[in-house]
Amino acid sequence: MWSNDVYVCRHGESEANVLELIVSGSEDCSFLTGIDQYGLTFKGEKQAKKAADVLSSLAATSNRKVIIVSSNFRRAKETADILAAAANVAVLIDPRLRERWFGDFNGASSHNYERVWEEDRQDPTKKHFNAESVQDVYHRTQELLRELDASNSHAIIVLVSHGDTLQICQTWVEGRSLTEHRLVEHLDNAILRK
């Protein structure tokens, strides 16, 4: 199906993770707290360096072009920069990898994720609590993946993004129903997954 090997990497531990805050960006990009705020913690940097070592080894043994595409959020860009330094490549920024907009819960406790996810299981096409729908995230990530695959051949493509965005993306790749995006294996911080 794919002419490239695609890996996903959730950003390293961020300041927002430690504070247990939801920090997302609106669909129209009018509210993007995460763009400039809430970067990686020291632990998050260490996690990203460990992932960079894995990527460096993978690139060296495969002798293939490495392409790193990142969300425009600070925590993802900082992770991508560490990966890119190890692979000696530039980072491409694409806002289609941004964090899912969590609407009414942006800036609130991360314990509210579960409220959105429960509604997602009922109807992934609706914007529950004014959050971006699973279907909308699916469409933007699907579009990006198809573009990247069509414009490259036999490359290692690494998508650096956020937990929900990447799990929704993986739901599509695995051929699952969008109602099952939380059933995809959880992505820990700064782990490369094919």
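The following dialogue goes through selected features of a predicted model.

Biologist: Let us begin with the sheet. How many strands does the open sheet have, and in what order?

Modeller: Strands of a sheet pair through backbone hydrogen bonds, in either the parallel or the antiparallel sense. In this predicted model, the open sheet has 5 strands in the order β3-β2-β4-β1-β5, and the pairing is mixed.

Biologist: Which strands stand at the edges?

Modeller: The edges are formed by β3 (91-93) and β5 (192-193). Each has a single partner strand, so one side of each is left without a neighbour in the sheet.

Biologist: In what sense do strand β1 and β5 pair, parallel or antiparallel?

Modeller: Strand β1 (residues 5-10) pairs with β5 in the antiparallel sense, over 2 bridges. As for individual residues, V8 stands opposite R193 in β5.

Biologist: Which helices pack on this sheet?

Modeller: Helix α7 (residues 163-173) packs on the sheet and touches β1, β4 and β5. The direction of α7 makes about 150° with that of β1. Helix α3 lies across β1, β2 (66-70), β4 (156-161) and β5, and runs at about 165° to β4.

Biologist: Helix α3 also packs against α4. At what angle do they pack, and how far apart are their axes?

Modeller: Two packed helices are described by the angle between their axes and the distance between the axes. For helix α3 (residues 42-62) and helix α4 (residues 74-87), the angle is about 35° and the axes are 8 Å apart. The crossing of α3 past α4 is right-handed.

Biologist: Which residues make that contact?

Modeller: From α3, the contact involves E45, A48, K49, A51, A52, L55 and S56. From α4, T79, I82, L83, A86 and A87 take part. By class, this contact of α3 with α4 has 8 nonpolar, 2 polar and 2 charged residues.

Biologist: What is the span of α4, and which of its residues are buried?

Modeller: An α-helix has 3.6 residues a turn, so residues three or four places apart point the same way. In this case, α4 has 14 residues and reaches 20 Å from its first C-alpha to its last, close to the 20 Å expected at 1.5 Å a residue. The buried residues of α4 are R75, A76, T79, A80, I82, L83, A84 and A87. N88, which follows α4, has a positive phi near 60°.

Biologist: Turning to strand β2, why does V69 count as buried?

Modeller: V69, which is found in strand β2, counts as buried because its relative accessibility is 2%, under the 20% cut-off. Leaving aside neighbours within four places in sequence, V69 is in contact with L92, D94, L97, L144, L148, V158, L159 and V160. The C-alpha atoms of V69 and N189, 120 residues apart along the chain, are separated by 17 Å.

Biologist: Finally, is D120 buried or exposed, and with which residues is D120 in contact?

Modeller: D120 is located in helix α5 (residues 113-122) and is buried, with a relative accessible area of 0%. Apart from neighbours within four places in sequence, the contacts of D120 are R100, H128, V134, T179 and H181.

Notes. Residues numbered from 1 in each chain as written. Predicted model: local features only at pLDDT ≥ 70, side-chain atom pairs only at ≥ 80, totals over all residues. Heavy atoms only, no water. Helix = DSSP H or I, 4+ residues; strand = E, 2+ residues; numbered from the N terminus. Buried < 20%, exposed > 50% of the residue type's maximum accessible area, 1.4 Å probe, protein only. Contact = heavy atoms within 4.5 Å. Axes fitted to C-alpha atoms, helices over the stretch in contact; angles between N-to-C directions. Left-handed = near helix turned anticlockwise from the far one by under 90°. Nonpolar A, V, L, I, M, F, W, Y, C, P; charged D, E, K, R; others polar. Pairing = 2+ DSSP bridges. Expected span 1.5 Å × (residues − 1).
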